[in-house]
Number of protein chains: 4
Amino acid sequence: DTQHNGKQHIGPPLITILQDLGKIQNSKTRAFTLFEWLISPVTPADFFRDIWEKKPALIKRHNTSYYEGLFSTAEFDRILREDNVKFGVNLDVTSYSDGSRETHNPPGRALPLVVWDYFKNGCSLRLLNPQTFSHTVWNVLSVLQELFGSMVGANTYLTPADTQGFAPHYDDIEAFVVQLEGKKHWRVYAPRRNGEILPQFSSVNFKDGDIGEPILETVLEAGDLLYFPRGFIHQGDCLPDAHSLHITISSYQRNSWADLLEKILPAALQVAVEEDMEFRKGLPLDYLEFMGLQNSEMEDSRRSTFIEKAQTLIKKLADYAPVDSAVDQKGKQFLHDCLPPVLTPAEKAHTVYGAPVTWENGRVGDDTIQLEMDTKIRLLRGGIARLCSEEGCLLYYSSDNSRIYHKEEPKFMEIDAEHVEAIEYLIHLYPKYVSVGSLPCDREDDKVTLASILFEKGLLVTKEQLALLR
Amino acid sequence: DTQHNGKQHIGPPLITILQDLGKIQNSKTRAFTLFEWLISPVTPADFFRDIWEKKPALIKRHNTSYYEGLFSTAEFDRILREDNVKFGVNLDVTSYSDGSRETHNPPGRALPLVVWDYFKNGCSLRLLNPQTFSHTVWNVLSVLQELFGSMVGANTYLTPADTQGFAPHYDDIEAFVVQLEGKKHWRVYAPRRNGEILPQFSSVNFKDGDIGEPILETVLEAGDLLYFPRGFIHQGDCLPDAHSLHITISSYQRNSWADLLEKILPAALQVAVEEDMEFRKGLPLDYLEFMGLQNSEMEDSRRSTFIEKAQTLIKKLADYAPVDSAVDQKGKQFLHDCLPPVLTPAEKAHTVYGAPVTWENGRVGDDTIQLEMDTKIRLLRGGIARLCSEEGCLLYYSSDNSRIYHKEEPKFMEIDAEHVEAIEYLIHLYPKYVSVGSLPCDREDDKVTLASILFEKGLLVTKEQLALLR
Amino acid sequence: DTQHNGKQHIGPPLITILQDLGKIQNSKTRAFTLFEWLISPVTPADFFRDIWEKKPALIKRHNTSYYEGLFSTAEFDRILREDNVKFGVNLDVTSYSDGSRETHNPPGRALPLVVWDYFKNGCSLRLLNPQTFSHTVWNVLSVLQELFGSMVGANTYLTPADTQGFAPHYDDIEAFVVQLEGKKHWRVYAPRRNGEILPQFSSVNFKDGDIGEPILETVLEAGDLLYFPRGFIHQGDCLPDAHSLHITISSYQRNSWADLLEKILPAALQVAVEEDMEFRKGLPLDYLEFMGLQNSEMEDSRRSTFIEKAQTLIKKLADYAPVDSAVDQKGKQFLHDCLPPVLTPAEKAHTVYGAPVTWENGRVGDDTIQLEMDTKIRLLRGGIARLCSEEGCLLYYSSDNSRIYHKEEPKFMEIDAEHVEAIEYLIHLYPKYVSVGSLPCDREDDKVTLASILFEKGLLVTKEQLALLR
Amino acid sequence: DTQHNGKQHIGPPLITILQDLGKIQNSKTRAFTLFEWLISPVTPADFFRDIWEKKPALIKRHNTSYYEGLFSTAEFDRILREDNVKFGVNLDVTSYSDGSRETHNPPGRALPLVVWDYFKNGCSLRLLNPQTFSHTVWNVLSVLQELFGSMVGANTYLTPADTQGFAPHYDDIEAFVVQLEGKKHWRVYAPRRNGEILPQFSSVNFKDGDIGEPILETVLEAGDLLYFPRGFIHQGDCLPDAHSLHITISSYQRNSWADLLEKILPAALQVAVEEDMEFRKGLPLDYLEFMGLQNSEMEDSRRSTFIEKAQTLIKKLADYAPVDSAVDQKGKQFLHDCLPPVLTPAEKAHTVYGAPVTWENGRVGDDTIQLEMDTKIRLLRGGIARLCSEEGCLLYYSSDNSRIYHKEEPKFMEIDAEHVEAIEYLIHLYPKYVSVGSLPCDREDDKVTLASILFEKGLLVTKEQLALLR
């Protein structure tokens with residue numbers, strides 16, 4: 001494991017980071033910059049080369065205020081008070097002692113009086129998807145998702161002093177444990193066997209005897225970061241003298257080559273069947289007599305012939321694999337998983353959300369916003385929309401998603417064949433502004449129409465402020 | 001196309017064929033022998049080498065009685081009278097004239113008065129799955145299914161003189177058109193394009209202009225046979241002077257290599273994921289930016305690297321493909337599709353169905369049938385059961401199937417690990433009789449128990465008649 | 001209880017009874033005559049006046065052959081051998097000893113070898129709905145259903161000597177226990193309390209301590225009959241020296257006034273709402289404050305006013321009750337529950353089932369059956385069809401039902417308003433024959449059309465044999 | 001119709017009304033007071049005696065600011081901007097011209113730019129359930145629901161000058177049309193026939209020719225109120241010189257005696273069946289022969305006997321009707337329909353929502369709120385909870401409902417039999433405060449436990465502020 005135990009590491013406060021991000025034009029660059037701050041002083045280049053998906057990393061900063069502003073118990077308390085937090089849906093009350101892991105959720109709304117009572121009695125509080133309630137967490141995750149190209153999620157964990165809330169286990173995601181308040185004693189263990197390296201699914205709760213000796217043991221303090229890949233077993237407990245609050249930021253759930261192959265294989269077979277008669281030929285009349293479990297130990301040359309034939313066909317599938325189309329299925333799912341973008345005030349003023357069409361003095365202002373041929377536009381975010389081909393061409397997008405995971409159905413609009421090029425033009429030129437008139441449409445009046453549709457869905461920002469467009 | 005237009009071809013009547021079949025011990029040999037008769041004078045060897053899945057074949061016999069006893073309008077009339085035949089479920093009333101194909105099914109039961117009225121008005125009558133009602137058709141199909149290792153089905157078609165019942169089309173099955181009564185004018189056309197050779201699905205109804213010129217045109221007379229592979233377009237119409245009755249025997253629906261690959265691929269991916277970390281590694285962070293429809297014309301070396309990586313993984317799947325296990329999934333489906341066996345009287349007397357346990361004089365006969373260690377047993381049919389591995393070992397079997405397609409759920413019993421060898425022993429030694437005592441079970445008393453369970457499910461025949469076992 | 005312990009009671013054998021029934025024109029009279037035989041020497045008049053729904057009755061005949069031909073262990077054995085009897089669906093294997101009631105059904109088909117083995121080991125065999133397999137039971141039940149106007153069902157029970165198959169309990173049907181073979185010791189107990197007299201649902205299994213002393217105790221011998229109303233607890237066990245076979249014929253399940261009121265009440269409310277504004281007026285603003293469980297002990301005059309108002313409205317419903325329409329809902333259900341009719345050979349020759357339209361010498365006989373204006377027709381059975389009004393007028397009928405309970409959906413045809421009178425004419429004139437021409441239709445050609453439709457559905461018999469109609 | 005065309009009618013602004021309401025202890029009194037303001041200068045007594053459910057009423061106030069603060073186009077614009085308003089779910093875009101009523105909802109979120117564009121093009125905008133978005137509307141409706149004892153709902157309608165948004169029709173609710181901005185020309189028509197007075201369901205869209213002449217025609221101006229009962233046809237259109245904004249407040253949907261009888265009748269039948277054998281007796285054997293549609297014109301004394309018997313039983317049901325239990329079913333539904341209460345700051349400080357348990361300086365404040373025996377408590381609202389009996393005693397409550405209709409499942413808790421009296425005590429003594437110690441529980445420690453459970457669900461307010469309880 002990599003430890004960064006040097007002296008105090010100082011960085012700008014998160015609020016400054018987020019304000020500065022707003023000045024960056026390219027959402028991918030924003031994501032990179034924010035991630036840089038998250039793992040600083042390790043560089044992203046080093047991180048993705050040496051650590052990511054390979055081994056745990058510990059970054060100790062001796063600076064309790066490094067992550068200040070991301071989330072706090074004070075905000076947690078406010079959320080309990082003001083929002084409709086529900087036990088079992090948004091909040092889990094858990095405990096782990098003497099090897100026994102329990103969940104204590106009562107039914108109904110989680111009001112502070114009850115929640116804090118559990119806490120005082122030694123229970124841990126896991127707030128699920130704090131981005132639903134915390135604007136800053138939403139902002140951070142929605143920025144980071146453009147770096148990972150995979151859903152970025154989070155949970156927060158508040159643990160009373162001298163207790164542990166969860167049994168040792170491993171997860172199916174890359175985990176960034178961000179210590180926010182207090183401190184926590186962590187132990188991380190290597191995957192138990194080859195098959196549990198980078199697993200597709202989380203583990204059960206382990207017993208201490210199942211997991212061997214930790215390869216990393218530390219006390220995480222506010223401002224520190226601990227990363228470990230999926231498959232690494234871990235457990236954290238509070239010292240007698242301090243509670244702990246941390247947020248775990250996660251990504252890369254079901255985002256492996258196997259997950260892509262799940263999409264590719266049926267599609268590749270379908271293409272192969274259409275194009276290659278070898279796939280459509282009947283099986284041998286007698287194959288059931290020498291193949292199958294009951295014949296698997298039979299010495300019969302027909303078996304090897306049959307198996308080789310099957311293997312040859314599998315290998316031929318590589319030539320028929322519609323990789324781009326399978327990637328689009330992944331991309332489409334990602335857009336459904338995405339958090340909607342958080343707009344800066346400046347961005348808002350340049351999108352449909354800030355369109356200065358208002359009701360004044362009993363009537364709608366006359367001077368409606370109208371995109372013109374010379375209006376400069378671009379996509380709001382690099383990854384806000386994606387063209388996918390399935391019985392016609394569809395543009396999937398994330399601007400109408402909810403902060404609540406999958407609360408909305410996947411959003412898409414059909415794109416006429418003659419407009420595909422213009423959409424691709426917008427996607428490929430991002431983050432450059434282009435004039436509506438430069439969109440490669442055959443018909444002139446399609447240009448404003450198409451731009452208006454995208455603008456009305458919140459996918460475009462204009463270069464000039466909208467009020468000035470009139 | 002192959003035509004056998006020689007002189008009159010004479011064979012034994014079907015009833016003799018079927019009786020002789022009963023004397024053959026091996027059900028695979030029975031199937032081969034019956035198929036030999038079906039396509040005689042062409043030999044099965046020639047047929048499967050030169051014709052099967054390749055081209056149509058016409059066998060003219062100049063012998064109207066060759067197929068006598070298989071099915072007849074007289075039996076059709078009896079079925080309408082005695083059985084609960086329903087329009088739309090068991091019987092279709094159709095017509096095709098002036099390029100227009102219509103179905104005329106009224107609701108409810110198909111009584112002769114109504115059915116024959118349609119016929120007199122020029123409608124064709126298609127009896128679906130006549131094996132449900134005709135013992136001989138059931139017998140013939142249940143024997144043939146052991147040759148094909150794939151469901152063998154049938155429909156019968158009764159067409160009035162001077163009419164046509166169906167539009168030109170192609171099917172998704174290998175078709176054996178057996179002319180039973182009268183005669184019919186047939187035209188067969190080659191597949192229209194490469195992709196329609198050996199298709200997985202049947203076609204829509206074609207217009208005459210869609211299908212080109214016939215490659216085979218003939219008048220089929222009672223006793224003649226016409227075979228054509230799936231994908232060959234065909235249409236048949238009656239001459240002004242004669243009605244026509246034929247039965248189409250079919251097989252190999254969804255029984256191609258592609259259908260097997262559908263089972264193999266997800267299983268192969270699962271094995272690969274478990275065994276090979278390359279499959280579990282995350283996708284590149286930025287793959288959505290250069291892959292997918294919207295990037296498919298981008299010049300970017302990352303694209304070819306990505307595609308090659310995907311192709312390499314696909315090819316690696318060949319090494320992980322659990323072919324036997326996928327074959328068992330096909331085998332299991334086939335056992336569900338199978339017709340139950342038709343037993344000869346002699347066979348019945350040697351199975352549970354003929355067990356001479358009876359109620360006499362107010363009490364059950366005392367001398368119950370009891371398999372003993374020296375009782376000689378074997379499977380009732382070569383393909384009556386199949387071991388499949390899925391969370392334990394299951395023995396699927398067809399003896400409790402219904403004559404009505406999929407009326408029964410798939411039947412299976414769980415086999416303890418220590419009995420698997422004994423089951424395989426019975427399967428592999430078929431058609432040889434073995435003594436119960438020779439079953440390779442660890443515990444002596446398991447032998448009789450296991451044999452009794454199989455016997456009670458109708459899967460075993462004893463060598464000696466059951467009454468003599470006592 | 002009524003006991004008929006006189007000397008031997010002799011009657012004609014069932015086969016004679018059934019043949020004689022075929023000569024009776026009116027199906028209601030047939031039903032009455034058969035029931036007369038069933039309970040002889042008690043008369044139906046006495047039975048329905050003194051016994052039915054009131055108390056048990058025992059008829060001892062000292063004539064073991066009285067019910068011969070209805071059902072037997074020999075027929076049971078044949079059914080197991082020839083039909084697809086399934087454990088749990090058609091046959092239950094049960095035992096009751098030391099107060100413990102068990103069911104022993106294995107999965108799958110019930111073959112004689114296995115079934116008789118259970119029997120020899122002391123298990124009782126309950127064959128459910130023997131009418132599915134036994135032509136005579138079907139015939140008897142289908143005749144009796146016209147007497148009861150309610151489904152008539154049956155189960156048979158075969159019990160080994162010296163055993164008992166069922167715990168004491170009461171049923172929700174009127175039970176006629178017909179002893180067929182051997183003998184059985186019966187004990188019948190009065191309903192335990194007022195609320196269990198004529199109950200709507202069967203009881204759980206009782207313990208001996210729950211049920212008091214029997215009010216009737218007897219040994220039923222072949223040829224004897226035991227009747228008891230729903231709600232009377234009963235248990236039967238075999239003596240050490242004889243097995244027992246009996247069939248229980250049952251009726252009047254959910255056929256009480258309450259069951260009719262279940263249909264009447266929602267319909268009455270709907271009519272009242274449409275016709276009477278009192279029902280549509282709003283509830284008092286404050287009714288929730290003085291009504292309901294939490295206020296039920298409140299002294300408040302508003303409560304009595306409110307309750308009286310509700311009671312007044314309930315009583316007013318009597319004036320709006322569409323009794324005929326509710327009866328039709330019951331009638332429609334009964335027609336769905338009905339067994340299809342068993343036709344005598346003579347009847348068959350006069351219905352569509354015997355229509356001499358046949359396939360001969362390669363063609364359909366030319367002389368189709370054609371109903372003419374002077375053809376004499378009547379319904380096949382008095383209760384074979386029923387007009388019901390629901391969004392148009394529907395004729396429900398039972399001729400296409402299955403011997404298997406509810407295997408078929410309810411059968412009906414829509415009747416045009418101008419044909420309702422003709423249908424009613426046929427129903428009301430039953431069992432008189434009327435000429436097609438006498439049907440009260442406005443248009444002459446409707447008469448033959450309507451008659452033909454009914455004839456083709458099997459609802460009509462012609463007076464003259466069909467062959468002679470030509 | 002009643003018109004109040006006097007001079008300017010002046011009242012306090014809504015904000016004052018609402019503040020003053022907060023000082024009223026009894027939620028029923030609050031509701032009455034707010035309704036008084038709504039219909040002033042008509043008095044509630046006059047209104048419910050002469051107008052409610054009887055005829056339309058028009059109250060003209062010549063005071064455009066009377067309803068100020070309830071809702072406005074400015075708030076509508078803010079909602080569009082800040083909230084996730086969706087076309088078809090929360091907002092309908094409609095038009096009615098030349099007798100043709102159309103809906104123009106596009107898919108997705110309703111952003112101001114698009115919405116106002118529709119408006120400028122002459123479409124009406126119906127915001128459904130504005131209480132979801134407007135705190136004041138939520139407040140007003142949640143107060144009023146305690147007066148009506150039936151769900152109180154609302155829609156707002158914004159109509160451009162010189163247009164009409166809806167076809168003439170009648171609704172199934174009592175409607176209070178509150179004119180907020182601009183003016184609208186209204187025409188109200190009497191129910192067309194007796195059966196359409198106080199109907200259970202809304203009408204289709206009518207044509208002008210269907211509805212006769214208006215009985216009331218007026219121009220509603222801001223500050224005016226128009227009431228009409230369900231069943232009264234109405235249409236409103238804008239004059240050329242002014243747009244219109246109104247909110248329609250509605251209640252009494254499916255809240256008639258018939259709706260209560262729907263609950264009573266099945267329950268009454270069930271009681272009658274259990275208690276009265278007359279209901280359980282079998283129907284006459286032959287009733288199907290003289291009853292039913294096909295026999296309805298038969299002269300037969302059995303018919304009148306049968307009908308009278310049915311009528312007698314219906315009338316007897318009145319004696320068995322469990323009216324309180326049926327009311328509880330209505331009450332339970334009402335509690336599910338209810339809006340959650342809006343708390344004043346003072347109320348909040350006395351409930352669980354304002355419990356001063358907070359996170360400070362890294363720990364939970366030690367001095368937890370704890371109800372004591374001498375703590376004074378009462379229900380938060382008179383109608384916030386209701387005891388219902390159904391397999392045990394359940395307390396249904398509305399405090400955890402959502403502002404979105406039926407977003408939450410019905411909320412209830414099981415009440416042990418020994419606590420029912422204490423719950424009733426709290427309900428009946430409302431709005432009086434009682435001490436926890438005075439609750440009629442058998443066991444002393446149950447008192448605090450029970451009070452704490454109710455308090456934690458938000459059902460109780462304490463007399464003293466919570467901070468002072470410590």
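**Entry 1: a histidine in chain B**

I started with B:His406, which sits in the loop between strand 16 (393-397) and strand 17 (411-415) of chain B. I kept in mind that this is a predicted model. Next I looked up the backbone: phi of B:His406 is positive, about 55°, although the residue is not a glycine.

**Entry 2: the histidine in chain A**

I then turned to A:His406. Where does A:His406 lie? I found it in the loop between strand 16 (393-397) and strand 17 of chain A. Phi of A:His406 is near 55°, and again I noted a positive value in a residue other than glycine. With 33% relative accessibility, A:His406 counts as partly exposed.

**Entry 3: chains A and D**

Now for symmetry. Which rotation superposes chain A on chain D? I noted 180°, with 0.1 Å of shift along the axis and an RMSD of 0.1 Å. That is the relation of a two-fold axis. I also asked which residue of chain A comes closest to the rotation axis. That residue is A:Lys407, with its C-alpha at 6.6 Å.

A:Glu414 belongs to strand 17 of chain A, which covers residues 411-415. Why does A:Glu414 count as exposed? Its relative accessibility is 66%, and the cut-off for exposed is over 50%.

**Entry 4: two cis peptide bonds**

My last stop was the prolines. Which residue is joined to B:Pro41 by a cis peptide bond? I found B:Ser40, with omega at about 10°. B:Pro41 has its place in the loop between helix 2 (27-39) and helix 3 (44-51) of chain B.

In chain C I noted another cis bond, from C:Tyr430 to C:Pro431, where omega is near 5°. I traced C:Pro431 to the loop that runs between helix 13 (420-429) and strand 18 (434-435) of chain C.

Notes. Residues numbered from 1 in each chain as written. Chains lettered and ligands numbered in written order. Predicted model: local features only at pLDDT ≥ 70, side-chain atom pairs only at ≥ 80, totals over all residues. Heavy atoms only, no water. Helix = DSSP H or I, 4+ residues; strand = E, 2+ residues; numbered from the N terminus. Buried < 20%, exposed > 50% of the residue type's maximum accessible area, 1.4 Å probe, protein only. Least-squares fit on C-alpha atoms with pLDDT ≥ 70 in both.
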